[in-house]
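Here is a friendly note to read with the model open beside you. Take the points in order and find each one on screen.

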Amino acid sequence: ELIEIIRNCSGLHPKPPGLVLQYGTAGFRTNAKLLDHIMFRMGLLATLRSKKTKATIGVMVTASHNPEEDNGVKLVDPMGEMVTPTWEGYATQLANAEQEDLLAALKDIIEEEAINMSQEADVFVGKDTRSSSASLSKAVLDGVSALGGRNKDYGLVTTPQLHYMVCCQNTQGKYGEATVEGYYKKLCQAFIQLTKNASNCTDDQKHLSVDGANGIGALKVREMESYLKKELHISLFNDGSAGKLNHQCGADFVKVQQNPPTGMKINSGERCCSFDGDADRIVYYYTDSEGQFHLLDGDKVATLISTFLKELLTQAGIDLEIAVVQTAYANGSSTNYLEDTMKVIVRCAKTGVKHLHHAAQEFDIGVYFEANGHGTVLFSKAAEEKIRQLAEDSIADDERKRAALLLQDTINVINQTVGDAISDMLLIEAILAIRGMTIQQWDAIYKDLPNRQLKVKVSDRRAIDTTDAERRAVSPTGLQEAIDTLVKKYSQARSFVRPSGTEDVVRVYAEADTQESADALAHEVSLAVYRLAGGVGGEPKPLH
């Protein structure tokens with residue numbers, strides 16, 4: 001009878017023959033018109049995953065920072081983390097099975113994972129503000145019911161909010177209450193507690209301009225404002241009332257273009273930040289009195305947060321190991337500052353948030369941010385316990401106790417499940433207020449090394465293989481030696497190449513003491529890639 005139901009339901013969500021999609025770093029993502037069958041099948045898969053883990057699973061319908069006509073889907077595992085690699089594989093198998101092979105593909109997964117089909121299943125579903133999200137999330141819900149799963153439709157939520165709900169549900173409320181209101185209360189109460197430690201903040205210092213990317217983040221910041229009790233004054237731009245989602249605005253646009261978003265009035269020296277389309281990334285910026293634009297990306301954010309935490313740990317006298325996890329794209333200046341000046345452990349992980357998240361879990365406190373502004377802080381159970389004990393210790397001295405209480409509030413303002421623009425924004429605002437720091441002072445902690453990123457078209461990106469968290473090329477033969485030789489010609493230089501995860505291009509990154517040198521090095525490395533790794537089209541032209 002189940003077979004009948006699935007057959008009938010899947011007929012309503014047929015797969016276009018021959019369409020092949022890969023579950024990438026963040027799920028499936030493509031033009032919304034091609035996704036109906038994928039959504040239905042991810043509803044099926046989430047239900048199986050729930051039966052397997054005996055826990056609630058999340059499905060988020062979003063294409064993050066992609067253009068409005070795209071959509072996509074991300075699966076959320078029981079602790080609010082991204083779904084495990086094995087199941088990413090199942091997702092790809094299920095998505096690409098032709099219509100007549102769908103039942104067989106499902107059966108394979110059920111047998112492979114020895115899933116007890118009479119086990120109950122629960123799936124939480126959320127969606128972003130794209131016009132296609134309503135019907136696509138409906139297709140997910142159809143998939144869940146087809147396998148007899150129970151669903152809870154959260155409607156319009158940010159991606160991190162859905163991750164949060166799943167974690168709350170599966171920790172029986174220990175992490176928080178699985179409602180949007182519960183989310184605002186937890187974060188805002190912690191934020192208000194933190195800002196009590198800021199000495200005489202003026203209204204001016206409490207002001208922040210936010211670019212909502214014309215997406216879900218804008219709606220949710222509006223909903224949250226009443227919970228902030230006027231402790232943060234937000235001017236919201238690109239709130240979705242007029243502009244197009246992610247169009248000339250949002251974190252990705254600002255980071256890549258090195259320009260403020262369209263539709264935002266900026267006074268010089270004013271703190272500004274941008275979310276991406278599903279509010280899991282954030283970047284800060286300001287323009288100086290000369291009108292020069294200054295970007296504070298994920299590296300600057302990680303530095304601010306980790307140095308704040310390190311100082312609190314020292315004040316509290318708690319011995320916990322804190323580390324910052326970066327990727328090869330992190331600016332060399334940030335790495336040097338953290339290692340040499342702050343004496344913080346720095347780890348390099350492969351590109352992709354799941355790799356950073358995993359590496360951060362190996363420390364008592366792991367701060368991870370990609371340069372694009374996606375990141376968070378993870379606290380081990382032991383670390384949270386040590387901090388709690390000191391905060392509740394009746395005989396501890398005042399300074400130590402104050403630091404422990406600050407650490408506790410910091411833990412509560414952070415969404416540990418995934419990068420969260422709203423949570424990161426509150427944390428950054430609290431740190432700047434407590435330290436009495438302007439955005440210019442934050443920016444001046446270290447100066448970025450000039451850098452350049454380029455792409456080289458190749459006939460097959462698999463020709464390039466890397467090691468050491470993508471910092472060194474293993475193949476083709478001779479490429480790494482060529483890069484090493486070129487890097488030696490410049491001062492404070494570094495360069496690496498890695499194949500793109502999505503297209504036949506090789507990404508080249510170079511940094512050096514001057515922009516001229518960084519550009520020249522990037523170009524010379526591009527030539528080496530073109531010659532040794534099967535470049536196609538004309539030889540890369542110099543930038544100048």
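This is a predicted model: local features need pLDDT of at least 70, side-chain atom pairs count only at pLDDT 80 or more; totals for chains, interfaces and linings use all residues.

1. Residues are numbered from 1 along each chain as its sequence is written, and side-chain values use heavy atoms, with hydrogens and water left out.

2. The domain assignment (bounds from an automatic or database assignment) gives domain 1 (2–156) and domain 2 (451–532). Their C-alpha centres are 37 Å apart.

3. The unreviewed UniProt entry places "domain: Alpha-D-phosphohexomutase C-terminal" at residues 455–526; such annotations may be inferred rather than shown by experiment. Over residues 455–526 the chain is 31% helix and 32% strand (DSSP runs, with helices H or I of at least four residues and strands E of at least two, numbered from the N terminus). The end C-alpha atoms of this stretch lie 8 Å apart.

4. Now look for an open sheet of three strands, in the order β15-β19-β18, with antiparallel pairing (strands pair if DSSP finds at least two bridges between them). Because β15 (451–457) and β18 (494–499) are at the edges with a single partner strand each, one side of each has no neighbour in the sheet.

5. β18 pairs with β19 (residues 505–511) over six bridges. Which residue in β19 is the bridge partner of Ser-495? That partner is Ala-510.

6. Finally, β16 and β17 make a hairpin with four residues between them. Three antiparallel bridges join the two strands, and Thr-467 stands opposite Arg-472. In the turn, Asp-468 has a positive phi of about 55°.
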